[in-house]
Amino acid sequence: MKGSHEAFWWSLFSAGGIIAAMLIPVLVFATVVAPGFGWGVFVDAMQYDRIAGLVGHQLVKAILFVSIWLSFFHAFHRIRHLILDLHVPVPGLPLAVLSYLLATAGTVSAAIVLWRI
Amino acid sequence: MSKSSRQALGARWWLMRRSYFLVFLRELTSIFIASYLVILLLLLAKVGGDAGSYESFRESLTFPGMLVFGVITLAFTLFHSITFINLIPRGMAIWRGEERVHPALIAGPGYVGLVVVVAIVLVAILR
């Protein structure tokens with residue numbers, strides 16, 4: 001039973017890892033780094049009307065929701081294992097519950113935030 | 001390096017070898033991914049609000065501290081991309097008859113996918 005649970009979290013971890021690998025660097029670049037350096041096309045692209053128009057599209061919302069959901073599960077699964085690997089003295093089960101609760105909270109937040117756009 | 005090895009070596013296993021340190025850095029990427037997701041959620045929440053609060057949040061993303069955080073996060077997330085795509089052949093061994101398909105032929109499409117996704121996102125944002 002424990003093995004099947006682990007396989008479930010592992011599958012979310014893997015899917016999230018691939019999505020994060022494909023999507024997160026370009027999003028970090030386009031939303032934080034390039035506008036932060038004042039690169040014109042990215043500063044213009046991040047203006048309210050343009051971003052609202054882009055993320056207001058239902059397909060973009062769906063892609064963002066799935067990406068945020070799986071990336072959160074990937075990240076917190078790995079953070080959980082990082083904490084265990086560093087021998088931080090925390091019991092395994094509460095750590096697992098807290099990790100996946102935080103991932104779930106991030107996912108629910110994403111659903112609410114995207115719903116309101 | 002297996003999980004059990006890391007457990008057996010103690011809390012400072014990641015300082016023992018360069019390869020262990022790279023594994024540690026790979027695990028550390030998760031903190032930067034989670035941190036950026038929170039920033040992305042805040043940005044999206046502001047998009048759902050009014051233009052004024054969105055613009056002031058966007059302005060706060062250009063502060064020097066945030067820019068430093070952004071550059072470090074970009075480096076870590078790129079490291080995640082490379083290491084995760086390189087891990088695909090380990091988790092997905094493909095056999096052609098008796099011969100195992102070379103790992104580069106499995107990881108290669110991952111890098112092609114990365115380039116395609118980056119291009120699509122940039123076109124969508126910049127158009």
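Helices are DSSP runs of H or I with at least four residues, numbered from the N terminus, and axes are lines fitted to C-alpha atoms, for helices over the stretch in contact, with angles running from 0 to 180 degrees between N-to-C directions. The model is predicted: local features need pLDDT of at least 70, side-chain atom pairs count only at pLDDT 80 or more, and totals for chains, interfaces and linings use all residues. Residues are numbered from 1 along each chain as its sequence is written, and chains are lettered from A in the order in which they are written.

**View 1. Crossing of α4(A) and α2(B).** The axes of α4 (residues 58-85) of chain A and α2 (residues 18-47) of chain B come within 8 Å and cross at roughly 140°. Residues of α4(A), including Phe72(A), Phe76(A) and Leu82(A), meet residues of α2(B), among them Leu28(B), Ile31(B) and Leu37(B).

**View 2. The side of chain B that touches chain A.** Here 46 residues of chain B are in contact with 46 residues of chain A (C-beta atoms, placed from the backbone, within 7 Å). Elements giving two or more residues to this side of chain B are α2, α3 (51-60), α4 (64-91) and α5 (103-126). The largest share, 14 residues, comes from α2(B).

View 3. Ala103(A) is buried, with 26 other C-beta atoms within 10 Å (the cut-off is 20 or more). Leaving aside neighbours within four places in sequence, Ala103(A) is in contact with Phe72(A), Phe73(A) and Phe76(A).

Terms used
Contact = placed C-beta atoms within 7 Å. Buried ≥ 20, exposed ≤ 12 C-beta atoms within 10 Å, placed from the backbone.
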